[in-house]
Amino acid sequence: MSTATVNVLETIARIRQDVCALHAELTRYGLVVWTAGNVSARVPGRDLMVIKPSGVSYDDLTPEQMVVTDLYGVPVDGDADGEWGNPALSPSSDAAAHAYVYRNMPDVGGVVHTHSTYATAWAARGESIPCVLTMMGDEFGGSIPVGPFALIGDDSIGQGIVETLKNSTSPAVLMQNHGPFTIGKDARSAVKAAVMCEEVAKTVHVSRQLGEPLPIDQARIDSLYARYQNVYGQ
């Protein structure tokens, strides 16, 4: 077995562990129910991704069950040098959507889909979440946009995600009548975006029950975003 094959096997094993562990964050923050939702991660340097299997309970997920696919969502077992052993499980029904994002947004290293209650409620209305919180300025650089209606089964959802986010600072999109998808430089960043998306969806909803939320000037949003993305933290 070549050194290159050993390296990719080790990388895939690590990504499988990471992706499996990150699914626990979706249940921890109440972003999914039953087997809905999924996390995926790009395999660096390869036209591959790792994604949750379809229809497996979150409590039963193991790293070995994470499915390796190409960037069309088709499961693959390896190359001439060796195999990384896909489980006898099908990838998530959203695999084609995730794969389309990776093919068309090369800087994206992780994709997450949830049906979190408040964000999905906004998606059901086909309404973007307005940037009325400094937290939104920090995390999203503006409103959280709505993507077009699309059916599961091919890469139509992925096309809508890319079209909506390619010129946006937001790492989240509310796919109309479906729910939120988030992207990030890696899978953990995409999970964080999903958590924050649901938090602001809930807060802005509550605010609207009390009255009309106050908008934030775009120049201030830009300042918040620049500081948070480039200065804040370690």
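Close-up 1. Glycine 73 touches Met49, Pro91, Ala95 and Ala99, leaving aside residues up to four places away in sequence; contact here means heavy atoms within 4.5 Å. Glycine 73 is found in the loop between strand 3 and strand 4 (78-79). Helices and strands are DSSP runs, with helices being H or I of at least four residues and strands E of at least two, numbered from the N terminus. Is glycine 73 buried or exposed? It is buried, at a relative accessible area of 14%, where buried means under 20%, exposed over 50% and partly exposed in between (1.4 Å probe, protein chains only). Proline 91 is 18 residues apart from glycine 73 along the chain, and their C-alpha atoms are separated by 7.6 Å.

A word on the model: this is a predicted one, where local features need pLDDT of at least 70 and side-chain atom pairs count only at pLDDT 80 or more, while totals for chains, interfaces and linings use all residues. Residues are numbered from 1 along each chain as its sequence is written, and side-chain values use heavy atoms, with hydrogens and water left out.

**Close-up 2. Helix 2, mostly covered.** Of the 10 residues in helix 2 (residues 95-104), 8 are buried. They are Ala95, Ala96, Ala97, His98, Ala99, Tyr100, Val101 and Tyr102. What sits over them includes strand 1, strand 2 (48-51), strand 3, strand 6, helix 5 and strand 9.

**Close-up 3. Strand 6 and its two partners.** Strand 1 and strand 6 run antiparallel, joined by 4 bridges, with alanine 41 opposite glycine 110. Strand 6 also pairs with strand 9 in the antiparallel sense, again over 4 bridges, and here valine 111 faces isoleucine 183. In a regular strand the side chains alternate between the two faces of the sheet. Both faces of strand 6 are covered, with Gly110 and Val112 buried on one side and Val111 and His113 buried on the other.

Close-up 4. Strand 8 (residues 172-175) pairs with strand 9 (residues 179-184) in the antiparallel sense over 4 bridges; alanine 172 stands opposite threonine 182. With strand 7 the pairing is parallel, over 2 bridges, and leucine 174 is the bridge partner of valine 146. Strand 8 is covered on both faces: Ala172 and Leu174 are buried on one side, Val173 and Met175 on the other.

**Close-up 5. The largest pocket.** Its space comes to about 600 Å³. On a 1 Å grid over the protein atoms alone, a pocket is an open set of points where a 1.4 Å probe fits, with protein on both sides within 12 Å along at least five of seven lines, and lining residues have an atom within 4 Å of a point. Grid points are joined across faces, edges and corners, and the volume is the space filled by probe spheres set on them. The lining has 21 residues, with Glu139, Pro171, Gly184, Ser189 and Gln229 nearest the centre. Helix 4 (134-140), strand 9, helix 6 and helix 7 (218-230) each give two or more residues to it.

**Close-up 6. The second largest pocket.** About 210 Å³ of space lies here, lined by 13 residues; Arg14, Asp18, Ala41, Asp186 and Ala187 lie nearest the centre. Helix 1 (3-28), strand 1 and helix 6 each supply two or more lining residues, and helix 1 gives the most, with 5.

Definitions and conventions:
Pairing = 2+ DSSP bridges.
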